[in-house]
Amino acid sequence: MIYDASLDELLQKVWDGKRINAAEALRLSHLPIEELGALADHRRQLAKAKAYEGRGNEIVTYNVDRNVNYTNVCNVYCKFCAFYRTEKDFDSYVISHAEMDQKIEETLALGGTQILMQGGHHPKLSKQWYLDLLSHIKEKFPQVNIHGFSPSEFIHFREVFNEPLEQIIADFKAAGLGSIPGGGGEILVDRVRQRISPLKAMSNEWLEVMDVAHRLGLYSSATMMFGHVETMEDRIEHLDRLRQQQDKSLSYGKGHFTAFICWTFQAENTKLRAPTVGAHDYLRTQALGRIYLDNFENIQSSWVTQGLEIGQIALKYGANDLGSIMIEENVVSQAGTTFRMTVPDMHRLIKDLGYEPHQRDNWYRLVN
């Protein structure tokens, strides 16, 4: 075996917590997965050092929330989606206030603190419909955070409402919106987006929504859906764009990305024909994300697509959070993935690795 001094220098650079570039990330992606995982786990420890300080055991967090899809009517027809319907489909729907109330009451009964509210791009719902729904939830359930409306939905709103993004997001925030999920990120490379979701927000638009939201004081998450038509270089470009935006957002001193979550494309019942990837590629990509995203404190494991055991293993590949028990999930399950989790499951998976489990809110503040 030939000694490579430059690789040793790169590994030391990662171990020391320094920022790497795209070429270095690509080189790291070829490491044996156990070695890459060990580097990512060390970077997790560096990122969470303050949070762990004085606590003894390292902690792993989780959330209790519910995915509420307010409509399944959508006019962007993404090839990777099995959830959307047209207005003419017999099983299309728009949620009522009464249905929303029931879902939130059930969430509260299970110790939930948040609803993750997303929907299709409905061509006919008015701005007032959304404001009324937000106001209704906030007035009736003031203790619940509304984590709602992905960037692609806001780009859709801009077109339908014919208003600036700043105005729409500010009005939604005033009506009760608490934070924004990172859905619709897919891969932030337009060549890829044109192939899998040509009618959806492009990369700059997705990032524009996040930039505006952060300047207005809202926090958000960031995501990546991979394992379809993209390359490893595309994944790294995606990570680089997120890191650049986080640098900008942190400079505002207001809102920013709270966490990064990646998951693999689920092919069943979708129109996108692409070779799916397995747990090995998932763990490698998450580990690379932890190393590259040096300005993200939190990385969330994706047990929803990978299953409970791989979700647990991901805690050794850079993740410090198991995500949510997801009382309800409709989108990924339509594509054939139906894993389920309970709070006792969360505690068992976390404790079995020697960590201390804690429920948290959307801003990663500990609830218990």
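Phe 149 and Phe 172 are both buried, a label for under 20% relative accessible area, against over 50% for exposed and partly exposed in between (1.4 Å probe, protein chains only). This is a predicted model, where local features need pLDDT of at least 70, side-chain atom pairs count only at pLDDT 80 or more, and totals for chains, interfaces and linings use all residues. Residues are numbered from 1 along each chain as its sequence is written, and side-chain values use heavy atoms, leaving out hydrogens and water.

## Rings that pair up

Searching the whole structure turns up 17 aromatic pairs. Here, rings of Phe, Tyr and Trp (its six-membered ring) pair if their centres lie within 6.5 Å; planes under 30 degrees apart are stacked, over 60 edge-to-face and the rest tilted.

Take Phe 149 and Phe 157: with centres 5.7 Å apart and planes at 70 degrees, they make an edge-to-face pair. Phe 149 has a relative accessible area of 0%, and Phe 157 is buried too, at 1%. Phe 149 also pairs edge-to-face with Phe 172, the centres being 5.2 Å apart and the planes at 75 degrees.

Phe 149 belongs to one aromatic cluster with Tyr 70, Trp 129, Tyr 130, Phe 154, Phe 157, Phe 161 and Phe 172.

## Charges over rings

Elsewhere, look for arginines over tyrosines. A charge sits over a ring if NZ of Lys or CZ of Arg is within 6 Å of the ring centre and within 35 degrees of the ring normal. Arg 243 lies over the face of Tyr 292, 3.8 Å from the ring centre, while the charged end of Arg 360 sits over Tyr 364's ring, 4.0 Å from its centre.
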